[in-house]
Amino acid sequence: MKAMILAAGKGTRVRPITYTIPKPLIPILQKPVMEFLVELLRQHGFDQIMVNVSHLANEIESYFRDGQRFGVQIGYSFEGRIEENGELIGEAVGSAGGMRRIQDFSPFFDDTFVVLCGDALIDLDLTAAVKWHKEKGAIATIVMKSVPRDEVSSYGVVVTDEEGRIKAFQEKPAVEEALSTNINTGIYIFEPEVLDYIPSGQEYDIGGQLFPKLVEMGAPFYGIPMDFQWVDIGKVPDYWRAIRSVLLGEVKNVAIPGQKVAPGIYTGLNVAVNWDNVDITGPVYIGAMTRIEDGAKIVGPTYIGPNCWVCSGAKVENSVIFEYSRLGPGVRLVDKLVFGRYCVDKTGATIDVQAAALDWLINDARQVLPSNPPAERQAIADLLGMEAI
């Protein structure tokens with residue numbers, strides 16, 4: 001059976017992570033989110049997978065290659081151009097345009113197929129969803145999920161009749177205006193005939209253009225509400241919450257890697273730490289070859305990647321620290337994400353540590369705060385949970 005994973009987007013709402021990591025490769029405790037999707041597809045018999053790529057395409061292709069080690073076959077449709085110097089310039093053609101591009105190259109989609117967005121953790125019975133789609137005689141089906149009414153303004157709402165036929169869409173409606181609590185999860189089931197309604201050679205979107213056209217035509221277009229786990233990673237705060245949920249054991253198809261060294265505390269290989277001289281409260285994961293100095297305090301749920309260095313006196317609480325980060329003595333991180341030169345809070349507010357002359361990777365961050373203008377110094381201090389000095 002055939003499927004497609006949408007992986008061409010730039011992931012602008014997940015910056016700064018996606019400056020160097022394509023969205024489908026964003027790690028969930030050392031494992032790319034797209035790898036979970038590939039595993040799910042394989043489990044339900046989808047072993048021929050096309051992936052459209054554009055932004056940082058080489059990274060995705062180098063990781064998954066032909067799919068052999070994942071038990072599937074994977075092909076790639078690059079959207080963009082190649083410069084004379086060999087540089088790849090991504091030029092995505094939209095989710096629907098990407099589907100049509102594959103089909104125009106050579107008719108790949110010749111039977112019922114599934115399309116998944118490459119940026120969500122899901123635990124879904126795809127087999128049951130496809131069966132329902134076929135029983136309805138649908139040309140297209142959206143897998144929906146019901147959310148609490150006070151959350152509808154964060155999603156695209158799908159309005160259906162009693163038979164499940166889609167009547168309308170509402171993009172992030174106000175709570176009082178929402179006509180449904182069923183949302184679009186970015187999981188679609190299609191018949192090849194749907195491609196006839198997508199123009200060739202131009203940018204075209206599934207949700208914004210193809211779906212409204214199907215509704216207008218009165219096509220057999222349905223939405224199926226299903227009860228399943230769906231952890232969307234659309235924005236940096238979503239990613240932060242996803243890691244937190246995994247560490248708390250709330251995402252059942254994602255296991256905490258490494259070895260359990262104490263209740264709620266897991267480590268990778270060769271972590272340098274004297275457990276008697278640190279204060280660590282789980283759930284916490286500490287990656288391989290990471291050093292935790294005496295006197296450091298770590299409060300979960302917290303993820304610290306491999307090859308990090310947490311100095312004496314540093315405090316990390318409810319945070320995500322990517323690999324090769326060194327947290328200086330006295331640094332206090334609460335509800336933060338650290339990625340390279342960037343520190344982000346759980347609302348998505350970002351400070352470029354390097355541009356702010358905050359050399360916390362080597363020295364105590366508080367010692368360099370006075371070198372910045374008062375307003376900037378206070379902003380940095382607020383982000384790090386310190387007092388400006």
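Which residues of helix α5 are buried?

## Basis of the model

This is a predicted model, in which local features need pLDDT of at least 70 and side-chain atom pairs count only at pLDDT 80 or more, while totals for chains, interfaces and linings use all residues. Residues are numbered from 1 along each chain as its sequence is written, and side-chain values use heavy atoms, with hydrogens and water left out.

## Helix α5

In α5, which spans residues 206-217, the buried residues are Ile-206, Leu-210, Phe-211 and Leu-214. Viewed down the helix axis, these buried residues fall within an arc of 90°, so they line one face of α5. The arc is taken from the directions from the helix axis to the C-beta atoms. Gly-208 and Glu-216 are exposed on the face turned away from the buried side. (Buried means under 20% relative accessible area and exposed over 50%, with partly exposed in between, for a 1.4 Å probe and protein chains only.)

At the N-terminal end, Asp-205 caps α5, with a side-chain oxygen 3.2 Å from the backbone nitrogen of Gly-207. Just after the helix, Gly-218 has a positive phi of about 75°.

## Nonpolar cores

A nonpolar core is a set of buried Ala, Val, Leu, Ile, Met, Phe, Trp, Tyr and Cys residues joined through side-chain atoms within 4.5 Å. The largest comprises 68 residues, and Val-143 is among those with the most contacts inside it. Not counting residues up to four places away in sequence, Val-143 touches several residues, including Leu-124, Ile-183 and Phe-228 (contact means heavy atoms within 4.5 Å). Another core, of 28 residues, lies apart from the largest one and includes Phe-108 and Phe-190.

Definitions and conventions: Helices (H or I, at least four residues) and strands (E, at least two) are DSSP runs, numbered from the N terminus. A polar contact is a pair of N or O atoms within 3.5 Å; within protein, one must be able to donate a hydrogen and the other to accept it, and residues adjacent in sequence count only if both atoms are side-chain atoms.
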